[in-house]
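Hi there,

Here is the structure I promised to pass on. Please have a look at it first, and then read my notes below.

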Amino acid sequence: MRSRLPMRFCTYNPLSLRAPARLLDVSMHLKGIDFLVLPGTRCKSVLNRPFITQATSHHFAIHWGWGRSAFTNKAAGVSILLAKWINRKNIVGIFSPPASL
């Protein structure tokens, strides 16, 4: 079981994930990373949902989009990508901060 092996962490600002293939490109080039944080995605929140999930060939992605408020702009948005070998059953919850922050 791989859970006892070292994990590789990375943060990378893609400047935008809005282009259709951009997430796939980032995931492919960083496929050896187990836990990847992508700030500055410029992706807008979808239907007022706090987050959405997506799968690529190498990662499971959780996206928090930006929305209009006093403390954000269109350069915001963040994604976390987890390597496919990480069992999603171990994710006990996905939490978003309160709107007041």
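Let me start with K44, which sits in the loop between strand 2 (35–39) and strand 3 (52–55). Helices here are DSSP runs of H or I with at least four residues and strands are runs of E with at least two, numbered from the N terminus. K44 counts as partly exposed because its relative accessibility is 48%; buried means under 20% relative accessible area, exposed over 50%, and partly exposed in between (1.4 Å probe, protein chains only).

Before going on, a word on the source: this is a predicted model, where local features need pLDDT of at least 70, side-chain atom pairs count only at pLDDT 80 or more, and totals for chains, interfaces and linings use all residues. Residues are numbered from 1 along each chain as its sequence is written, and side-chain values use heavy atoms, with hydrogens and water left out.

K44 also belongs to a surface patch of positive charge, together with R18, R68 and K74. Such a patch is made of residues with over 30% relative accessible area and no salt bridge, with like charges joined within 9 Å. Lys and Arg count as positive, while His and the chain ends are not counted. The place of a charge is NZ for Lys and CZ for Arg, and the areas come from the Shrake-Rupley method with a 1.4 Å probe.

As for the overall picture, the chain has one helix and five strands, in the order β-α-β-β-β-β along the sequence. Its C-alpha atoms fill a box of roughly 45 × 30 × 20 Å along the principal axes. Of the 101 residues, 25% are buried.

How many salt bridges does a search of the whole structure find? There are two, counting a side-chain nitrogen of Lys or Arg within 4 Å of a carboxyl oxygen of Asp or Glu.

- R8 and D34 meet through their side chains at 3.2 Å, N to O. R8 lies in the segment before strand 1 (9–11) and D34 in the loop between helix 1 (22–29) and strand 2, so this pair ties together parts that are 26 residues apart in sequence. D34 is buried, with a relative accessible area of 1%, whereas R8 is partly exposed at 37%.
- R22 and D25 form a salt bridge at 3.6 Å, N to O. These two are three residues apart in helix 1, so about one helical turn separates them. R22 is partly exposed at 22% relative accessibility, and D25 is partly exposed at 32%.

Best wishes

Note on methods: Patches are made of residues with over 30% relative accessible area and no salt bridge: like charges are joined within 9 Å, nonpolar side chains (Val, Leu, Ile, Met, Phe, Trp, Tyr) within 5 Å.
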